[in-house]
Amino acid sequence: MAKITKRQLVIGGIILGVFLVGAVVAFTIAYHKREALLATTVKRMQTKLADDYQIDLDIGKAYFSGLTTVTLEEVSITPQDRDQLAGIADVSVSVRLFPLITGDVKFGRLRAHNARIQLIKKDSISNYDFLFRERDTLQHEPDQASAEQTEAQSINMAQAANRMLNSILYKIPEDMELREFLLTYRDDSIQQRISVPKADIDNGNLTSAVYLNDNKAAWQVSGKLNPGKRQLYVKVHANGQKVALPLLEQKFGLKLSFDTIETRLREVYWTNNEFLHIKGEWAVKNLNINHWRIAQEDVTVPDAHVDAEVIVGNNHVELSKESTITVKKLEVHPYIRYTTAPEKTYAIALETPEMEAQDLFDAFPKGLFESLEGIRVSGNIQYQLEAFLDANNPDSVRFHSDMQQKGFKVNTWGAANIPKLNSTFVYTPYEDEKPVRDIVVGPENPNFIPLNQISPYLRNAILTTEDPSFFSHNGFVEEAIRTSIATNYKEKAFKRGGSTISMQLVKNVFLNRNKTLVRKLEEILIVWLMESTRAVSKERMYEVYLNVIEWGRNVYGITEASRYYFGKHPSQLTLGESIYLASIVPRPKTGLYAFDYEGRLKPYLGRYFTYIGNIMARRGLAPPDSAGGYGFYAVSLREPLRPDKPANVDTLQLQAPTPDFDAELEEVRGLLDRIFRTDPKEEEAP
């Protein structure tokens with residue numbers, strides 16, 4: 001190591017001295033001009049808020065009350081032509097000096113007295129709607145807007161996330177004294193008040209009490225805040241009582257309460273100076289939720305914990321596979337990744353370790369899955385799901401779901417007594433969540449018909465259109481799910497569900513009146529139980545399905561449908577009549593619209609008959625038809641159901657298919673083509 005000479009020490013000392021003198025001079029100048037700089041800063045803030053957000057910021061006094069402390073008195077924030085949004089009697093904020101030298105603004109101490117925020121909405125006008133308005137992009141020149149768009153597309157997501165996190169953490173003061181804070185909400189029908197008489201941060205320790213609606217409820221807030229180390233911990237409880245949010249109930253009909261909720265920002269760090277890691281935890285005890293769209297009864301989560309790691313890179317953000325969701329003894333490892341470049345992609349995965357099967361059912365929140373309450377199982381299970389979607393090529397979507405089982409067995413069935421399907425039972429269809437009538441499914445009902453007495457044309461037509469691989473799959477068809485995902489993504493709406501006959505049967509028999517948001521998940525679980533335990537044979541499932549599904553207004557089961565439309569016994573149905581009946585299963589109440597005044601099918605359905613008929617003929621389920629009609633012209637509706645003769649017959653006869661029908665036919669064609677190509681050895685209906 002080279003020895004530092006005396007001359008080098010002298011030069012270094014001179015440089016350091018010059019730097020220190022310069023710093024002192026700069027500080028002296030800044031100190032004497034700080035009041036003018038503060039006035040300029042306040043004016044700039046007022047102009048920006050007025051121009052960009054149409055907000056008037058009024059400050060009675062603004063001055064330095066210490067070396068780095070700014071005091072503001074009589075502050076008010078009022079959106080233009082609106083009620084006042086916020087006001088503060090006085091607030092003092094100090095910033096830390098050394099971070100300020102590097103350009104970071106970190107609060108050191110905060111004092112605020114008599115602060116109030118009032119959110120007011122009258123009819124459709126509120127004093128806080130500016131928060132949801134986008135800035136007027138027309139004020140930018142076209143080339144400037146284009147440059148901003150290009151910059152947004154090339155943004156480094158990790159750096160942006162880091163800046164956003166810093167902007168939040170740096171605004172948390174080391175010490176805080178908040179006195180008499182009031183938050184109110186008022187609209188045409190609801191008023192809510194949240195008051196905080198006192199909130200303190202002392203050496204990072206947070207203590208506060210929050211009162212709701214004039215002390216009708218009291219919440220305790222405590223925690224440990226260390227924003228310098230990027231660590232936070234906050235706990236909310238109510239001294240042994242429930243913490244409730246009545247505003248959600250009054251506004252949205254959502255009852256939500258809990259005993260304790262905790263959140264912790266545990267660690268933030270970089271790896272390879274490229275990936276930002278954010279680790280945190282959330283926990284809740286005795287969470288109660290009640291809303292008619294979620295479940296019919298109160299949903300209770302006694303204890304849930306989330307340990308999450310979010311990783312942000314240059315062009316992606318992901319929830320790491322190391323993340324864990326724990327509910328009682330159930331552990332789930334979720335994975336979500338969103339990538340913006342070079343292609344926009346979405347990846348989702350879900351995995352559980354091998355566990356006792358009963359732990360899964362015990363973890364379900366009470367009241368969420370009514371049909372599964374009371375079920376007792378044995379054996380072990382392990383679940384894995386993977387999905388990937390490329391936004392530029394949604395048809396290439398990948399999806400895989402697998403439930404591994406070891407010695408799995410149902411010892412006691414819950415409310416969804418699946419084995420009841422093996423004998424006579426009563427089925428009750430619902431319309432608008434009201435029962436229509438009771439239907440006995442069994443030989444005691446003269447309308448019930450065994451599977452082998454139904455026309456093979458009808459059996460095979462329904463299989464062809466609804467679920468070609470029904471007799472070989474395990475309740476789910478991954479190809480149908482992939483098609484559903486791709487279609488719904490392209491349409492940006494839920495257009496296709498990918499349901500199998502097994503899923504439709506469960507939805508009709510066990511979940512008919514259940515219109516909640518979690519119904520699909522409940523349906524999947526019941527289908528899995530039915531198929532994996534072989535509690536009901538495929539033949540019996542299909543027999544029940546054809547005897548209970550809806551075929552028109554108050555028309556249930558194939559016997560009623562055959563008699564209603566054609567005055568026939570199900571064994572007498574022709575190929576054309578069978579294809580027609582298969583066509584109305586997705587929309588049974590619109591079945592009569594397909595016929596003209598003479599009882600003939602309208603021309604637009606001809607393409608559907610040709611397509612389905614060709615598939616059935618190719619599989620040996622129907623005789624070939626060189627003309628491509630497959631019984632289309634022989635279908636005749638019963639005379640009492642025929643519509644009146646229109647004034648312009650030609651217009652009716654030449655009626656074209658609707659865009660919805662065209663799109664649906666293309667979806668059916670694509671799905672069936674893929675299924676037949678990938679699974680040519682499917683079984684036929686018995």
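Tutor: Y580 is buried, with a relative accessible area of 0%, where buried means under 20% relative accessible area, exposed over 50% and partly exposed in between, using a 1.4 Å probe and protein chains only. This is a predicted model, in which local features need pLDDT of at least 70 and side-chain atom pairs count only at pLDDT 80 or more, while totals for chains, interfaces and linings use all residues. Residues are numbered from 1 along each chain as its sequence is written, and side-chain values use heavy atoms, with hydrogens and water left out.

Student: How many aromatic pairs are there in the count?

Tutor: The count comes to 17 aromatic pairs, given that rings of Phe, Tyr and Trp (its six-membered ring) pair if their centres lie within 6.5 Å, with planes under 30 degrees apart stacked, over 60 edge-to-face and the rest tilted.

Student: What about the rings of Y565 and Y580?

Tutor: Their centres are 5.6 Å apart and their planes stand at 75°, so the pair of Y565 and Y580 is edge-to-face.

Student: And the rings of Y580 and F595, how are they placed?

Tutor: The centres of Y580 and F595 are 4.9 Å apart with the planes at 65°, so this pair is edge-to-face.

Student: Is F595 buried or exposed?

Tutor: F595 counts as buried, at 2% relative accessibility.

Student: Switching topic, which residues form a cluster through ring pairs?

Tutor: Ring pairs link F361, F364, F369, F408 and W528 into a cluster.
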